[in-house]
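The sequence and the structure are shown first.

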Amino acid sequence: MSAPRSPTLPAAPPRRVSTWLLAAAIVALVVASFASLPLQWSAFFTPDALAVTREFLAGFSPPESAPAFLRKTALAAAETLSMSAIGTLLAVAGGMALAIAGAGRLGKVQRLLARTLLNVLRSIPELVWASLLLVAAGLGPFAGTLALAAHTSGVLGRLFADALENADPHPETSLLTNGAAPAAAFLYATMPQTLPQMLSYTLYRWENNIRAAAVLGVVGAGGLGQMLKFHLSLFQMQNAATVIIAMLLLVALVDAASFALRRALTR
């Protein structure tokens with residue numbers, strides 16, 4: 001009895017010249033980046049640099065634990081959480097409105113205009129949006145909330161539009177053929193297909209917005225970031241350490257809640 005022959009793998013598909021050129025361009029770009037930047041790795045590990053770093057980090061210990069300061073930090077954390085939650089909710093509404101047009105459901109011209117607007121919204125970082133909106137809305141969390149909503153609307157709108165375009169069109173077509181109204185066919189056939197994916201996108205962006213909201217305070221948009229900037233500018237390192245710990249705990253809490261919600265929604 002002859003031994004069974006090992007299955008032969010099919011030949012690898014031929015590589016196009018453009019693929020090799022793209023890979024070579026990426027490698028050349030990485031090499032040029034390292035060559036052009038004055039990276040002084042040795043200076044980072046000198047005894048003087050290590051001593052200065054150790055002294056700097058020692059200034060953060062122990063964190064400030066006065067009850068009055070902890071209450072102030074808790075209020076700032078709640079403000080940061082509110083900024084991220086409201087900004088994400090506004091972004092869901094704005095992104096969904098633009099996604100319907102961006103998915104081509106209102107015509108080709110509207111699709112092009114909506115896609116262009118979504119590109120503009122998400123190409124501007126939250127810090128730039130906050131700097132612009134602070135002029136109109138003034139210092140405080142309102143400008144930060146609007147900045148998160150503007151940037152996240154562009155991100156979620158693009159993701160929602162892609163989800164709508166990739167949905168199976170047959171259920172909606174079947175309802176339309178049987179006399180259902182276009183809005184009812186969309187809500188009962190297409191939305192149920194894309195809703196779990198949209199909810200997952202929304203929760204993921206909420207996690208990102210928590211981190212962004214903590215940073216937006218650096219430009220005066222309120223919350224923990226504004227507290228951190230204030231205490232660091234006065235070299236109050238122990239107070240800053242408490243604020244940083246509050247940031248880490250808030251991000252960890254939201255990450256855990258978002259993970260639990262995603263698991264519950266995708267079961």
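Predicted model: local features only at pLDDT ≥ 70, side-chain atom pairs only at ≥ 80, totals over all residues.

## From helix α7 to helix α5

A salt bridge is also formed by the side chains of Glu165 and Arg111, at 3.0 Å from N to O. Glu165 is located in helix α7 (residues 141–166) and Arg111 in helix α5, so this pair ties together parts that are 54 residues apart in sequence. Glu165 is partly exposed, its relative accessible area being 35%. Arg111 is partly exposed as well, with 32% relative accessibility.

These residues take part in a network of salt bridges that links Arg111, Arg115, Arg158, Asp162 and Glu165. In general, side chains of opposite charge can pair when their charged atoms come close.

## From a loop to helix α8

Over the whole structure, the search finds 7 salt bridges. One of them is the contact between the side chains of Arg105 and Glu172, with 2.4 Å between N and O. Arg105 sits in the loop between α4 (67–102) and α5 (108–123), whereas Glu172 is part of helix α8 (residues 170–177); the pair therefore ties together parts that are 67 residues apart in sequence.

The two partners fall into separate accessibility classes: Arg105 is partly exposed, with a relative accessible area of 33%, while Glu172 is buried, with a relative accessible area of 10%.

## Glu126 in helix α6

Glu126 lies in helix α6, which spans residues 126–137. Is Glu126 buried or exposed? Its relative accessibility is 16%, and since buried means under 20%, Glu126 counts as buried.

Which residues does Glu126 touch, leaving aside those up to four places away in sequence? The contacts are Ala147, Leu148, His151, Arg205, Asn209, Ala212 and Leu216.

Definitions and conventions. Residues numbered from 1 in each chain as written. Heavy atoms only, no water. Helix = DSSP H or I, 4+ residues; strand = E, 2+ residues; numbered from the N terminus. Buried < 20%, exposed > 50% of the residue type's maximum accessible area, 1.4 Å probe, protein only. Contact = heavy atoms within 4.5 Å. Salt bridge = Lys/Arg side-chain N within 4 Å of Asp/Glu carboxyl O.
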